[in-house]
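Good morning, colleagues. Please look at the sequence and the structure on the screen while I take you through the fold.

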Amino acid sequence: MKKLLKWPSFMLVLILSLVLSGCSTGTDTPSASGGGDAEAKGTIERIKERGKLIAGVKYDTKLFGLKDPASGSVEGFDIDIAKALAKQILGDETKIELKEVTSKTRIPMLQNGDIDIIIATMTITDERKEQVDFSDVYFEAGQSLLVKNDSAITGLESLSGVKVLAVKGSTSAQNIREKAPDAEVLEFDNYQDAFTALKAGKGEALTTDNIILIGMQQTDNSFQLVGGNFTSEPYGMAIRKGDTAFVEEVNTLLKSMKDSGEYDTLHEKWLGSKPE
């Protein structure tokens, strides 16, 4: 008789437990971009609480983001824009941490919460828009080819059977396969490795955005750009999907820099001329 009296109490506890579990909102479940209560806050709020902006930038791209092995400093057009963003949000351009990204690692690092923003010669594409949100365009580039000065290669039409070097995760690698299907494409982790391979004769041409190739050519004038630009590569800054407040903040920065002339000054500083 005592066992029968205990049974309803046990079942009541079990039912209540199941009901409460079913009503859970799941707010404690980490999200794909870092999870927890921190991710419920916007990026701007987390930057202010942390006291610094964490920007994902290139370390191997002359003119946009290049690390000096002697001093350890990273400099370039993208770096100065990142500093301007830190100044806008925190009032001090030095309140910034620069983390190295490559074309392959940058989106995962953003989604994992390792960085707040990608400012790294990143082309805006529909495919990437499914994974991240973009700022307005801040630079217009175009894909080209870098070859030795005495090369017989003059453009896309010369690439049949040629080894062409590119970087993993870049739109350039995808584009060259589409536009020169008879070329052999070899991919490297970063631009420095690809350029080193070109100089070592492991390929006959290197392809990426023209402005990146110009940076390489400036370090070694035994190479030249050929074939003109055969794609349009609009650069944008990438932000975690759905963070519209941060997108607006970045776009406000770009407009302010262009209105004040600061953007023109940086463009001339790093790229040799004011934008057209």
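This is a predicted model: local features need pLDDT of at least 70, side-chain atom pairs count only at pLDDT 80 or more; totals for chains, interfaces and linings use all residues.

Strand 10 and strand 11 (residues 184-188) run parallel and are joined by 5 bridges. Strands here are DSSP runs of E of at least two residues, helices are runs of H or I of at least four residues, and both are numbered from the N terminus. Two strands count as paired if DSSP finds at least two bridges between them. Within this pair, lysine 163 stands opposite glutamate 184 of strand 11. From strand 10 the chain passes through helix 7 (residues 171-179) to reach strand 11, and this β-α-β crossover is right-handed. By right-handed I mean that, with the strands pointing away from the viewer, the path from the first strand over the helix to the second runs clockwise.

Residues are numbered from 1 along each chain as its sequence is written, and side-chain values use heavy atoms, with hydrogens and water left out.

Strand 10 also pairs with strand 12 (residues 205-209), again in the parallel sense, over 2 bridges. There, valine 164 has alanine 205 of strand 12 as its bridge partner. How is strand 12 paired with strand 9 (residues 143-148), parallel or antiparallel? The pairing is antiparallel, over 4 bridges, and leucine 145 stands opposite threonine 207 of strand 12.

These strands are well covered. In strand 10 (residues 163-167), 4 of the 5 residues are buried, so this strand is largely enclosed by the rest of the structure. Buried means under 20% relative accessible area, exposed means over 50%, and partly exposed lies in between, with a 1.4 Å probe and protein chains only. For strand 12 the count is 5 of the 5 residues, so strand 12 too is largely enclosed by the rest of the structure. In helix 7, the buried residues are Thr171, Ser172, Ala173, Asn175 and Ile176. They pack against helix 6 (126-129), strand 14 (233-235), and strands 9, 10, 11 and 12. Contact here means heavy atoms within 4.5 Å.

Let me turn to the cores. A nonpolar core is a set of buried Ala, Val, Leu, Ile, Met, Phe, Trp, Tyr and Cys residues joined through side-chain atoms within 4.5 Å. The largest has 52 residues, and among those with the most contacts inside it are Phe77, Tyr138 and Phe246. Its largest share, 9 residues, comes from helix 4 (residues 77-90). A second, separate core of 15 residues includes Leu159, Ala173, Ala205 and Phe230. Returning to tyrosine 138, and leaving out residues up to four places away in sequence, its contacts include Phe77, Ile81, Tyr235, Leu254 and Tyr263.

Next, helix 10. This helix (residues 244-260) has 17 residues and reaches 24 Å from its first C-alpha to its last, close to the 24 Å expected at 1.5 Å a residue; the expected span is 1.5 Å times one less than the number of residues. Which residues of helix 10 are buried? They are Phe246, Val247, Val250, Asn251, Leu253, Leu254 and Met257. Seen down the axis of helix 10, these buried residues fall within an arc of 150 degrees, so they line one face of the helix; the arc is that of the directions from the helix axis to the C-beta atoms. On the other side of helix 10, Thr244, Glu248, Lys255, Asp259 and Ser260 are exposed. Glycine 261 follows helix 10, with a positive phi near 90 degrees.

Aspartate 133 lies in strand 7 (residues 132-134) and is buried, with a relative accessible area of 16%. Its C-alpha is separated by 5.7 Å from that of alanine 238, 105 residues apart along the chain. Beyond its neighbours within four places in sequence, aspartate 133 is in contact with residues including Met237, Arg240, Asp243 and Val247.

Finally, the overall figures. The protein has 11 helices and 15 strands, and buried residues make up 45% of its 276 residues. Among contacts between residues at least 6 apart in sequence, 68% join residues at least 24 apart.
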